[in-house]
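Please look over the model below before reading on. The report covers the interface first, then selected sites inside each chain.

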Amino acid sequence: MRVAVAGVGWFGFQPEVVDYSFREMMFKAAQRAYQDAGGLDPRRDVDAFVSCQEDFWEGISIADEFAPDPIGGAMKPVYTVTGDGLQCVGQAYMMIRSGLFDVVVVESHGKPSDITTMNDVMFMATDPISVRPLMLENVHALAALEARAYMTKYGVGEEHLEAVVEKAHRAGSKNPRAPFASPGRSRAGSPVVVDPLREADIAKFVDAAVVVVLASERVIRDFTDTPVWIDGAWWSTETSTLELHDWSFPIHTRLAADGAYEQAKIADPAKEVGFAEVDNRYSFKELQHIEALRLAPKGAAKDLLADGAFCPGGRLPVNLSGGALAEGVPLEVHGLARLSYAVAVMRGDIKAEVDRREVAVVQSWRGVPTTTSVVAVLRL
Amino acid sequence: MTGRNLNFKHRVAVVGAGLTLFRSRMLETPQELAWLAAKQALDEAGLTLKDIDCVVIGSAPDAFDGVHMKGEYLADGAGGVKKPTVRVFVGGATGVFVPIAAWWHVASGLCKKVLAVAEEKMSHAAKPHTQYVFRYIWDPIVEKPLNPNLIWIFAMEMHRYMHKCGVKKEDIALVSVKNKRNACGHPSAQLCMPNVTVDDVLKSEVLVWPVQLLDISPTSDGAAAVVLASEEEARRITDTPVWVKGIGWTLDTTHWTNRDLAYPEYVRRAAEMAYRMAGIDNPRKQIDVAEPYDPFDYKELHHMEGLGLAKKCEAPVLTREGVTQRDGDLPINPSGGLLGVGNPIAAAGLMKVAEIFWQIRGEAGARQVKKPVYTGLAQAWGDLMQAGTVIVMGI
């Protein structure tokens with residue numbers, strides 16, 4: 001049973017959504033997604049709903065309580081995945097493939113502007129015995145250690161990070177939902193946060209909600225004439241024991257990619273994939289993830305980027321949206337932001353500088369201190 | 001759900017189960033608890049972690065374990081390292097939801113053997129009592145400023161049920177007595193009270209009338225796990241697989257104030273979904289043993305009625321007549337349930353699934369019900385009195 005995207009809707013992507021609650025943001029995004037899916041009625045047409053969120057981000061214990069109403073799911077099968085929105089897509093993909101469901105709605109929302117102690121919340125995700133006693137004043141330090149390990153092992157210099165940042169801001173300037181895009185911004189001129197990461201290397205947080213409607217091949221034509229098929233979706237968690245994980249290479253992304261490619265029967269992603277939307281919440285992560293997705297050999301992403309391969313109009317454009325560096329990180333919405341942008345490019349809703357729109361790969365990582373990635377392969 | 005394709009390509013079976021002790025203030029870390037249960041489930045199935053394709057984790061509020069992104073944290077202990085690992089969540093109903101999510105991991109054809117693990121450490125969450133965590137489950141604008149206590153809303157629900165059905169506290173106390181006595185046969189049980197009486201329940205401390213101390217399950221730490229497998233793998237692993245026949249779940253609106261507190265409509269709908277899939281049209285006759293969620297004694301009655309195991313307001317009568325005893329016509333919570341075995345939220349729900357697995361295989365030891373068991377049911381409940389999860393299993 002093949003599964004396709006029938007509709008997408010988003011709301012926000014503003015540094016602070018002042019006049020809407022998280023529930024109103026969910027409602028707005030859901031309305032737009034249902035409209036996009038041919039005016040779908042969630043009470044009549046949807047079999048089940050999945051929401052991706054985490055209690056501590058919400059400031060609510062048992063936050064899934066608030067999932068059903070804004071998306072039209074009350075008194076229907078609704079549940080929460082405590083993970084990135086793309087992981088919800090992976091679950092919905094399985095639910096439909098099982099044959100039990102035909103239409104499943106995926107939702108995620110993030111309102112980081114409501115969080116006054118962001119570093120403390122992130123810090124609560126570290127191991128309470130081995131890491132938390134270190135009292136890290138800035139958890140970006142964990143990413144900085146990864147950056148240093150990667151850069152040292154593969155000969156990546158600060159000029160390569162500069163190139164990622166520049167590309168993201170230039171691409172983001174054409175993305176209507178990228179409030180942080182600032183072409184011409186100098187990375188070198190931004191202050192060091194945790195060496196080697198400068199302020200320009202670290203994506204800012206943003207408020208947003210995204211809703212995606214998935215449907216089986218049996219019913220997809222009831223909702224859209226332009227389905228975007230999900231031909232593979234897989235995820236992997238490396239280890240939560242940070243001392244033991246590979247600091248220089250995201251094995252979790254590689255494992256997730258291998259699973260997704262196997263399902264989608266993609267043997268040589270660097271040749272078969274037309275464009276990619278990947279996590280770049282830290283500039284070096286874009287290079288790492290390109291390599292983990294087998295879009296470039298290990299250590300070669302920096303050179304291919306310098307040659308323009310991953311730029312808009314290049315051989316395999318990566319983050320035509322500008323990614324998180326331009327759009328911001330809307331907590332668990334991040335993966336759905338990548339997915340919804342890729343879907344819009346594939347359907348031609350967004351005029352992007354890309355030659356091959358037929359096959360795209362979408363990837364998300366949950367950020368420090370996690371070691372989970374999700375990868376989906378989309379096909380027209 | 002269209003119901004057009006209920007002949008699934010991949011049948012799914014439970015082939016092993018594991019359970020830690022349920023206790024207050026366990027010394028093991030959450031990761032260690034998860035592994036103890038996972039290891040037992042793997043051992044029972046004759047498998048090792050290398051055999052497992054995917055892992056599904058369940059745990060209730062993150063604040064219980066005091067860890068943000070608890071699924072990531074538990075991945076090590078649950079055996080999820082370098083595997084597709086996901087944490088699913090429907091509050092207190094999570095325990096039964098974990099094998100439901102594991103079901104579609106297998107039924108989709110993408111995973112063949114899945115480890116489903118639920119863990120909870122309630123007793124370390126807040127001082128002096130876990131209730132402090134529950135202060136943050138309310139609507140942050142409308143309800144939280146009132147600083148409600150969770151037991152208040154359950155007291156309202158219990159009171160409403162008593163009023164509408166004309167149930168006396170003595171009848172409800174019978175559930176507590178039954179379950180706390182049943183727990184005496186359970187090796188993981190936190191409470192075993194072989195001589196507890198209705199009078200003891202009625203004389204226990206009043207918390208929020210009509211809820212008294214012995215109407216409530218204890219706070220607990222613990223973990224549970226089951227292994228699910230595709231038909232082909234299950235037949236290789238064991239001669240006695242227990243099939244997942246039906247799954248169902250429903251989330252009611254967040255606005256609990258708008259709800260009929262005397263009847264759990266969300267459980268009815270979840271059960272209907274599971275029964276439709278399992279081909280059950282008369283649950284009272286076709287279910288041989290059930291483990292409905294019983295964090296409070298009245299909830300067992302509530303849930304029996306929502307599950308169609310009793311008519312509306314009939315569950316207290318069946319209980320009084322002994323129908324729900326372990327040797328009765330419809331044994332309910334022969335394990336001792338949450339009232340006896342304990343209530344490490346998510347793990348308690350999965351404990352019920354494990355119990356049905358053992359009952360169907362005839363491996364429940366002292367807890368084994370007297371009648372033959374072909375089909376069993378486990379159910380859990382959670383969130384703001386709005387989540388119902390149901391699984392039907394059978395040979």
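This is a predicted model: local features need pLDDT of at least 70, side-chain atom pairs count only at pLDDT 80 or more; totals for chains, interfaces and linings use all residues.

Residues are numbered from 1 along each chain as its sequence is written, chains are lettered from A and ligands numbered from 1 in the order in which they are written, and side-chain values use heavy atoms, with hydrogens and water left out.

**Interface**

Chain B gives 64 residues to the contact and chain A gives 63. Contact here means heavy atoms within 4.5 Å. About 5,400 Å² is buried between the two chains, and carbon and sulfur atoms give 59% of that area. Buried area is the accessible area (1.4 Å probe) that two parts lose on being put together, summed over both.

Three salt bridges are counted between chain B and chain A. A salt bridge is a side-chain nitrogen of Lys or Arg within 4 Å of a carboxyl oxygen of Asp or Glu. There are also 27 residue pairs in polar contact across the interface, both residues at pLDDT 80 or more. A polar contact is a pair of N or O atoms within 3.5 Å; within protein, one must be able to donate a hydrogen and the other to accept it, and residues adjacent in sequence count only if both atoms are side-chain atoms. Elements giving two or more residues to the chain B side include α4 (94-107), β8 (242-251) and α10 (265-278) of chain B. Helices (H or I, at least four residues) and strands (E, at least two) are DSSP runs, numbered from the N terminus.

Strand β3 (residues 78-81) of chain A pairs with β3(B), antiparallel, over two bridges. Strands pair if DSSP finds at least two bridges between them. T80(A) stands opposite F89(B).

**Salt bridges**

The whole structure holds 52 salt bridges over all chains.

| Pair | N to O distance |
|---|---|
| R87(B) and E54(A) | 4.0 Å |
| E54(A) and R366(A) | 2.9 Å |
| K167(A) and E286(A) | 2.6 Å |
| E355(B) and R367(B) | 3.0 Å |

E54(A) is buried at 0% relative accessibility, and R366(A) is buried at 6%. Buried means under 20% relative accessible area (1.4 Å probe, protein chains only). K167(A) is buried at 2%, and E286(A) at 1%. E355(B) is buried at 0%, and R367(B) at 5%. Shared partners join E54(A), E332(A), R366(A), D62(B), E72(B) and R87(B) into one salt-bridge network.

**A covered strand in chain A**

Strand β8 (residues 228-237) of chain A has ten of its ten residues buried. Strand β1 (residues 3-14) of chain A runs antiparallel to β8(A), joined by three bridges. There, V5(A) stands opposite V228(A). Strand β11 (residues 372-379) of chain A also pairs with β8(A) in the antiparallel sense, over eight bridges. I230(A) has L378(A) as its bridge partner in β11(A).

**Two buried sites in chain B**

E300(B) lies in helix α12 (residues 297-306) of chain B. Its relative accessibility is 0%, so E300(B) counts as buried. The side chains of E300(B) and K178(B) form a polar contact of 2.9 Å.

G18(B) sits in strand β1 (residues 12-19) of chain B. G18(B) is also buried, at 0% relative accessible area. Beyond residues up to four places away in sequence, G18(B) touches several residues, among them A37(B), A223(B) and W358(B).

Notes: Buried means under 20% relative accessible area, exposed over 50%, partly exposed in between (1.4 Å probe, protein chains only).
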